[in-house]
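Please read them with the sequence and the 3D view open.

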Amino acid sequence: MAFIRHVAIASEDPASTAEFYKKHFDLKELYRSPYDTGEDGVWLSDGYIYFAILKHGPKTPQLGPEQSSDFCGIHHAG
């Protein structure tokens, strides 16, 4: 049986969004980019599943040629 191990979320403010998940879901921070601000992204985990909180906008990775990157919310699950 397959399990979800990864969720990517596009957010206007990855650092603040990460703080919400850390506070309410007891997730631990693994990495942030850039290291001092997390403005481009923050990666979290509970030891089983991990979350990538990505900065939404033109630099957000597109999942396909027709996909827009100008939205906030769940980007993908894996």
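1. Asp 26 sits in the loop between helix 1 and strand 2. Its phi angle is near 55°, which is a positive value in a residue other than glycine. Keep in mind throughout that this is a predicted model.

2. Next, the overall layout. The protein chain has 1 helix and 5 strands. Read from the N terminus, the order of elements is β-α-β-β-β-β. The chain has 78 residues, of which 36% count as buried. Its accessible surface comes to about 5200 Å², and carbon and sulfur atoms account for 58% of that. If we take contacts between residues at least 6 apart in sequence, 48% of them join residues at least 24 apart.

3. Which residues make up the largest nonpolar core? There are 10 of them: Val 7, Ile 9, Ala 18, Tyr 21, Leu 27, Val 42, Leu 44, Ile 49, Phe 51 and Ile 53. Two or more of these residues come from each of strand 1 (6–11), helix 1 (14–25), strand 3 (41–45) and strand 4 (50–55). As background, nonpolar side chains in soluble globular proteins tend to be buried together.

4. Is Val 42 buried or exposed? Its relative accessible area is 0%, so Val 42 is buried. Leaving out residues up to four places away in sequence, Val 42 touches Pro 14, Ala 15, Ala 18, Glu 29, Tyr 31, Arg 32, Phe 51, Ala 52 and Ile 53. The C-alpha atoms of Val 42 and Thr 17 are 8.8 Å apart, although 25 residues separate the two along the chain.

5. Leu 27 belongs to the core as well. With residues up to four places away in sequence again left out, Leu 27 touches Tyr 21, Lys 22, Leu 44, Ser 45, Asp 46 and Phe 51. Of these contacts, Tyr 21, Leu 44 and Phe 51 are also listed in the core.

6. Now the aromatic rings. The structure holds 5 aromatic pairs. One of them joins Tyr 31 and Trp 43: the ring centres are 5.4 Å apart, the planes make an angle of 50°, and the pair is tilted. Tyr 31 lies in strand 2 (residues 28–33) and Trp 43 in strand 3, so this pair ties together parts that are 12 residues apart in sequence. Tyr 31 counts as partly exposed, at 47% relative accessibility. Trp 43 also counts as partly exposed, at 24%. Elsewhere, Phe 20, Tyr 21, Phe 25 and Phe 51 form one aromatic cluster.

7. Charged side chains come next. In general, side chains of opposite charge can pair when their charged atoms come close. How many salt bridges does the structure hold? It holds 5. One is between Lys 22 and Glu 19, with the closest N and O atoms 3.0 Å apart. These two residues are 3 apart in helix 1, so about one helical turn separates them. Lys 22 is partly exposed at 23% relative accessibility, and Glu 19 is partly exposed at 40%.

8. Glu 29 extends this picture. It forms a salt bridge with Lys 22, where the closest N and O atoms are 3.0 Å apart. It also forms one with Arg 32, at 2.6 Å. Glu 29 counts as partly exposed at 30% relative accessibility, whereas Arg 32 counts as buried at 13%.

9. The peptide bond from Ser 33 to Pro 34 is cis, with omega near -10°. Pro 34 lies in the loop between strand 2 and strand 3.

How values were computed. Residues numbered from 1 in each chain as written. Predicted model: local features only at pLDDT ≥ 70, side-chain atom pairs only at ≥ 80, totals over all residues. Heavy atoms only, no water. Core = buried A, V, L, I, M, F, W, Y, C linked by side-chain atoms within 4.5 Å. Buried < 20%, exposed > 50% of the residue type's maximum accessible area, 1.4 Å probe, protein only. Helix = DSSP H or I, 4+ residues; strand = E, 2+ residues; numbered from the N terminus. Contact = heavy atoms within 4.5 Å. Areas by Shrake-Rupley, 256 points an atom, 1.4 Å probe, with all protein chains shown as cover. Phe/Tyr/Trp six-rings, centres within 6.5 Å; stacked < 30°, edge-to-face > 60°. Salt bridge = Lys/Arg side-chain N within 4 Å of Asp/Glu carboxyl O.
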